[in-house]
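Please read the report below alongside the sequence and the coordinates.

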Amino acid sequence: MKTSIIRSLSIIIISALFCKSPTYAQSGDQILDGIGETGLIARYIFDGTTKDWSRNNLHATLQNNSETYAADEKFKNVLSLSNGSYLSLPEATLNGIESLSITTWIYLNSTENNPYLFDFGSREDSHFFATPKAKQTDGFEAALTKNGTTVSETTIASLESKKWVHLAVVIDFPSQSFNTYLDGELAATKKASDLDLSTIFNADSNKLLIGNSLSAKGTSLDALLHDFRIYRIPLSKTQVARIYQNSSKTGETVVNERAEPEDNLPVFEDTIPQLYNRYLTAVSDVIVETVVGQLPRLPRFVEGSYKLPVGAPQVRVLWPAPEDNSSVLKPGTYTITGRVSGTDFKPTATVIVKDTDAHDTPNRTLEPFQLNEVSLDANALGKDSKFIENRDKFINTLAETNPDSFLYMFRNAFGQEQPDGAEPLGVWDTQETKLRGHATGHYLTAIAQAYSSTTYDKKLHQKFENTMNYMVNTLYDLSQLSGKAKSTGADFVSDPSAVPMGPGKSSYDSDLSETGIRTDYWNWGSGYISAYPPDQFIMLENGAKYGGQEDRVWAPYYTLHKILAGLIDVYEVSGNEKALEVAEGMAEWVHTRLSKLPTETLITMWNTYIAGEFGGINESLAHLYRITGKPEYLKTAQLFDNIKVFYGDAEHAHGLAKNVDTYRGLHANQHIPQIVGALELYRNSESPEYYHIADNFWYKTKNDYMYSIGGVAGARNPANAECFVAQPATLYENGLSAGGQNETCGTYNMLKLTRGLFFYKQQPELMDYYERALYNQILASVAEDSPANTYHIPLRPGSKKQFSNADMSGFTCCNGTALESSTKLQNSIYFKSVDNKALFVNLFVPSTLNWTEKDIIIKQETAFPHKDHSTFTIEGKGKFSLNIRIPGWAKNGVELKINGKIQNTSIEPDTYLNVERKWKNGDTVELKMPFSFHLDPIMDQENIASLFYGPVLLAAQESEPRTDFRKITLDASDLGKTISGNPEKLEFKIDGVVYKPFYETYDRHSVYLDVTLN
Ligand SMILES: [Zn+2]
């Protein structure tokens, strides 16, 4: 009796301490109805235009009539369809979707039979449609038909006419259900077995109609429509109800509301110890030192004692995560109590707070090699490595692109003629997209890297050089027009802070349409360059939020960061002075404007969701300072300090600089590049706070927010697939968003930060992370036979990767960073010390290093990860210390041979092996690191884990969608005991199911499994 009381008490305490998951808001419209915006494909409010309100610019076109709108009591101004008028949507609207949800308000005027609310498909007999007055039933009917046969349908007995009703039709692919909602309530539901939409949609021949049918059989709609939305996620009951409630309110178009996580993942008893925790008998306490003001860094893993098995890993401890540093404001000692998921263990950390200055921060002791100093080779089995495969997909397609497409919107902004054959890009670079020009920045970086990397092919190398020069010359000529008189004696404004409104306009606006865009570049201030006029920058200063309307902006400084980074990259690989001049001109423009703003305004700007997203512009500006030595660029870089996240508040009370997690719940990729910028600021300013910010952020993000593939975004709470979870170390409770996880550009930036930190401090865990994310996300983000690549990489059971942009004609953020990732795959295999006395080998990739300063060539021959050994051969001679990474996963005994002789040194995993000697021509170093199976569990639900073989994540190959995690049972003392297969092919079987490397998985997969040990 007594025991049980204590037990329940302790559970209550634990709940109070840990189970609260408040959300952290950024201002601005982060969430529409508690649904992350990546779930939204298109939204047509129909209040006087058929434009898509979402960022995807999938504008509808009215057919058979001019647009007619009607005044309405409930919704003010609504679309009126009658007399055969209907709408068509762009063909690409429904590309690559698995689930689909449609919601709309409708006011039926006529009671005539068989009008079509919508009809979507590539053929008349294979389509998804809805009719408010079906012929047979007289009620509302939504159906999916394939080859003339109805696969599934739902009906509602009758639908009232002459009244506004709200409809939602949801195809939920993972649960194979078809649901219809009326006025926010579930009205009909059906289970189905063939809801695969890929067989009815075809990117090239889709017809997507609202208000009409694909065939002549149906009648066109006679109705009023308001707020028609298309989502790529299966909306849940709560989400539909919320959309209905919120959109019922007149005039409300955006609702900033955060939902509790949907309970659509399996729920496990939180008092049942899982995985190795089942065998735990004791958990160590720890003692940690810190200094006044700095929260201690608590080890996320501590030693444990186990009943069984040999070789169980360290124990994951979940510590409370304070929101400020009030616990360490005075010297002394205090205790923190943690917990271990599923158990009653409560390890403690004794924290000694010392009254001394913060510890020293390190110097940058390593440098990377230039891209042209490292070449990728065929592997030891005579085959191209995955690195070469992906590089070639990108480089060969990149060589075929037309640079005029990437210059199109720049010429358009400056009112210039387009050269023959110039076609605009799609997706986020179309005429009216407020982010246009972002792809151009990535493109500049990619061609600079491709130029530097293609020393193996003279023709390609020359081609990229020509493209670089052409791009820079054009951008230079445009930038020279800004803020100068168009003709002698004409008016102009050269002062960037005095840019007037556009001619004939009464406000600054973001109208980029052919007819609405301003092109009066002589008024834009000297040095201005972008693919749109300066208004978005000015509007952001004046408080504009993120959105599609003309009084809203997207992310002007984000686009600008890509452009500046691209220009700087071109300058660095080729010495192109014009590229530097364009970058400097714009940096001065930014300095002039931002240096006049009060700090409060800057804090507000950089904390506005998306609108204030600036990529890593702080990094580019600090880099520009490093190149030119002009201090105003460093000052400008610091104007981008995200004070709230870095320092807690304007008084610098705490923040990341003092190890406080200030970024929980925030947009992941809005913030990761800011941290990369902080590290570059440390390099140039030597202010130690910047180092602490970067170092603390990395440790927290890797340990508290990372999925097994290395990605870090994907929250259910807050409900936004692009955000960090609302509370650290709650990935199962608050993560695994149905809208996707692991936004790929976020991982690109995490890799950049990781290697940047390694230049300062050679911690093996940094390059362990690098290897994990490189193999299991970056290499895994590219399609099988084209450079198409991923946005999110979903890790719910039975998910599938979606790839886009095979022909490089339309870019999202992740398509942009993919261009960069795959043109620099060799950039972190080797690093050198700044004094050229040491070499670091970080990755096992067949490659040749030309260490020019030492006149030494090092050849790495390996078939890693198909084989577990690598041979390094040295050509040339000289003294240096060779440091080879011994990965954390290499726990099966590492063998080292020098010139064929086995060395009797004990080599520990998670270290760098150091061999210092005078190397002779032909010397060899051989390393054998046997792979073994290991599990990587989710910290707050340990039975949900990923299976690795060495560095390679193995994904279960699934044939069907699923809503539960695949269950497997493994031997606790020897995970591989019940796993059969071919290690050389990296193909394994458990219970008859095939497991392959995630980077070679293109169909349905399970990355997380429900693992039982016995
Ligand atoms: Zn992205």
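The following paragraphs describe the model topic by topic.

## Basis and confidence

This is a predicted model, in which local features need pLDDT of at least 70 and side-chain atom pairs count only at pLDDT 80 or more, while totals for chains, interfaces and linings use all residues. Residues are numbered from 1 along each chain as its sequence is written, and side-chain values use heavy atoms, with hydrogens and water left out.

The protein chain has a mean pLDDT (the predictor's confidence in each residue, from 0 to 100) of 91, and 94% of its residues reach 70 or more. Over residues 1-30 the pLDDT stays under 50, and the model has 61 contacts (heavy atoms within 4.5 Å) for them beyond four places in sequence. Residues 251-258 also have pLDDT below 50, with 26 contacts in the model beyond near neighbours in sequence. Where pLDDT is low, the predicted coordinates should not be read in detail.

## Annotated domain and nonpolar cores

An unreviewed UniProt entry carries the annotation "domain: Non-reducing end beta-L-arabinofuranosidase-like GH127 middle" for residues 839-930; UniProt positions are given in the numbering used here, feature names are shortened, and annotations may be inferred rather than shown by experiment. In the model this span is 0% helix and 55% strand, and its end C-alpha atoms lie 24 Å apart. Helices (H or I, at least four residues) and strands (E, at least two) are DSSP runs, numbered from the N terminus.

A nonpolar core is a set of buried Ala, Val, Leu, Ile, Met, Phe, Trp, Tyr and Cys residues joined through side-chain atoms within 4.5 Å, where buried means under 20% relative accessible area, exposed over 50% and partly exposed in between (1.4 Å probe, protein chains only). The largest such core has 247 residues, and those with the most contacts inside it are Tyr557, Leu839, Leu970 and Leu1013. A second, separate core of 45 residues includes Ile106, Leu195, Leu197 and Ile210.

## Backbone geometry

Two prolines follow cis peptide bonds. Asn717 and Pro718 are joined by one with omega about 0°, and Pro718 lies in the loop between helix H15 (688-704) and helix H16 (731-734). The bond from Phe864 to Pro865 is likewise cis, with omega near 0°, and Pro865 sits in the loop between strand S30 (856-862) and strand S31 (869-875).

Positive phi values occur at two aspartates. For Asp183, in the loop between strand S12 (177-182) and strand S13 (185-191), phi is near 45°, and this residue is partly exposed at 21% relative accessible area. For Asp227, within strand S15 (residues 223-231), phi is about 50°, and the residue counts as buried at 3% relative accessibility.

## The zinc site

Which protein donors does the zinc ion have? They are Glu743 (OE), Cys745 (SG), Cys813 (SG) and Cys814 (SG), lying 2.2 to 2.3 Å from the ion; donors are N, O and S atoms within 2.8 Å of the metal (3.2 Å for Na, K and Ca), and sites may look incomplete because water is not among the atoms. The angles among the four donor atoms run from 88 to 125°, and the site is tetrahedral, a term that requires all angles of four donors to lie between 85 and 135 degrees. Ideal angles for four tetrahedral donors are 109.5 degrees.

In sequence the donor residues are spaced E-x1-C-x67-C-C. Glu743 lies in the loop between H16 and helix H17 (744-758) and Cys814 in helix H19 (residues 813-821), so the pair ties together parts that are 71 residues apart in sequence. Both Glu743 and Cys814 are buried.

| Residue | Relative accessibility | Contacts |
|---|---|---|
| Asp196 | 28% | Lys146, Phe173 |
| Glu153 | 29% | Glu141, Ala142, Ala143, Lys190 |
| Asp964 | 35% | Pro266, Pro797 |

Asp196 is found in the loop between S13 and strand S14 (207-210), Glu153 in strand S10 (residues 149-156), and Asp964 in the loop between strand S39 (952-957) and strand S40 (966-970). From C-alpha to C-alpha, Glu153 and Thr189 are 8.7 Å apart in space and 36 residues apart in sequence.

Conventions: Four donors count as tetrahedral if all angles lie between 85 and 135 degrees; four count as square planar and six as octahedral if opposite donors are over 155 degrees apart and all others between 65 and 115; anything else is irregular.
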